Amino acid sequence: MGLQWCLSSTLKLSPLSILRPISQSTKIPLRRSLLVRALSAATVPTTIASAITPDDYRVVKAPQWKAAIDFKWIRENKEAVAANVKNRNFNANIDLVVELYDKLMNVQKEVEGLRAERNVVANRMKGKLEPSERQKLVEEGKNLKERLVTLEGDLLKLTDELQQEAQCVPNMTHPDVPVGGEDCSTIRKMVGKPREFSFFVKDHVQLGKDLNIFDFDAAAEVSGSKFYYLKNEAVMLELGLINWAVSEVMKRGFTPLTTPEIVRSSVVEKCGFQPRGTNTQVYSIEGSDQCLIGTAEIPVGGIHMDSIIPELSLPLKYVAFSHCFRTEAGAAGAATRGLYRVHQFSKVEMFILCRPEESNSFHKELIEIEEDLFSSLGLHFKTLDMATEDLGAPAYRKFDVEAWMPGLGRYGEISSASNCTDYQSRRLGIRYRPESSVPPKKGKGSSASTQFVHTLNATACAVPRMIVCLLENYQQQDGSVVIPEPLRPFMGGLEIITPKSK
């Protein structure tokens, strides 16, 4: 999800469940790690991006796992990859990647040659030999072994260095994506127009105070800044939004999920997020290899990790509810006031795994679902085709939805939809076997007849920002807020939130 991406172990509350008493959650010690850890390496045209300086390599450990990197593709398309890195303003050295790959191939050939020589020597020693000749072969075998040990060490070192460099390379980019910074993004669609008010417009913070549905002050005392309590009708609104979004997306053939909200750091890395770098958006749990999720995209992406999916099972379409946690490192100013940018929030996320040739059409389907959802609530919004410098490392193309927020006096991002092609699947190890291919025989490589799936993700409902939009757009002169009709069945028939009598 494109929203910029905190402190509790949270309850798994099904968005389709009836309200039940909520138990006190257990406090978990958290910290933001300042150690720059190597992110997972990915394949070009799909890899991770991270702004790592040369000095950082002295503290970065060797990769704990390796992705399916197509280095041959990088070498053969060196100019296109370098141009893509430049257009996306990423810190990656394609010349060094190719240089390391060539060195690796040369050392690999030497190793294979020495292994062949060693086998020849071993076979010769099986026959009848004169003692002097046998001793000569023993010495030759010993020398070959010593040379192999040295070269195999070099091979491992080069492999790690190559993975380290490749992790700085972002996914390739759709040819229609505008080149440049965020200001170069183009409008894909404009829906509705701003509502005209005949009275002074309040922002959601003032509305929430007057309606007695938020408490930021108490949350700041309990948890710190950028936390909040929802109260009274705001609780019903959150749960109503979740149930409404899940129900609507399920009608389109998506399987509902609730997900773990604590995952292994490696899964976070494989999805393209940086869990322990400077200015990370991810909360890490101290003394463990686990993190709090910033989006359900991460645990949903991990469901089929290291698996081969039958082609007939594709596409796999999920709609997942989760709480999300983000450090919001570097975020400050009026744009972050109230609910707009917070550390913990509820979100409904869509996720698709499909055949490569279908990912562009499914990307269109996801943004159309978002547009239908927000149109049904009567919101004024625009859909943007985001420019190259605004794309995260995994995204091949990303559409953002920005809705008009009259209290804030500007458009604000409420959703996004990304096609990540095989960027994540090559790292997560998610393949499919085409129907026409024959399963490999026992002992043969399982990947010979398989291909990597494409993954896509999109936000159906990021609850806090939806609350901002609804309160500010549906406020009335008397201070009340009208509930849009599609949400009323999910809020016990509630039609309006009225100010509390003082």
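**Questions about strands and helices**

Biologist: I309 stands opposite Y432 in strand 15. What makes strand 9 and strand 15 a pair?

Modeller: First, this is a predicted model, where local features need pLDDT of at least 70, side-chain atom pairs count only at pLDDT 80 or more, and totals for chains, interfaces and linings use all residues. Residues are numbered from 1 along each chain as its sequence is written, and side-chain values use heavy atoms, leaving out hydrogens and water. Now, pairing takes at least two bridges found by DSSP. Strand 9 and strand 15 (430-433) have four, in the parallel sense, so they count as a pair.

Biologist: Why do strand 9 and strand 16 stand at the edges?

Modeller: The open sheet runs 9-15-16, with mixed pairing. Strand 9 (307-310) and strand 16 (451-452) each have a single partner strand, so one side of each has no neighbour in the sheet.

Biologist: How do you know that residues 131-166 make a helix?

Modeller: A helix is a DSSP run of H or I with at least four residues (strands are E, at least two), numbered from the N terminus. Helix 4 has 36 residues, so it qualifies.

Biologist: And what makes its 52 Å reach close to the expected one?

Modeller: The expected span is 1.5 Å times one less than the number of residues. For helix 4 that gives 52 Å, and its first and last C-alpha are 52 Å apart.
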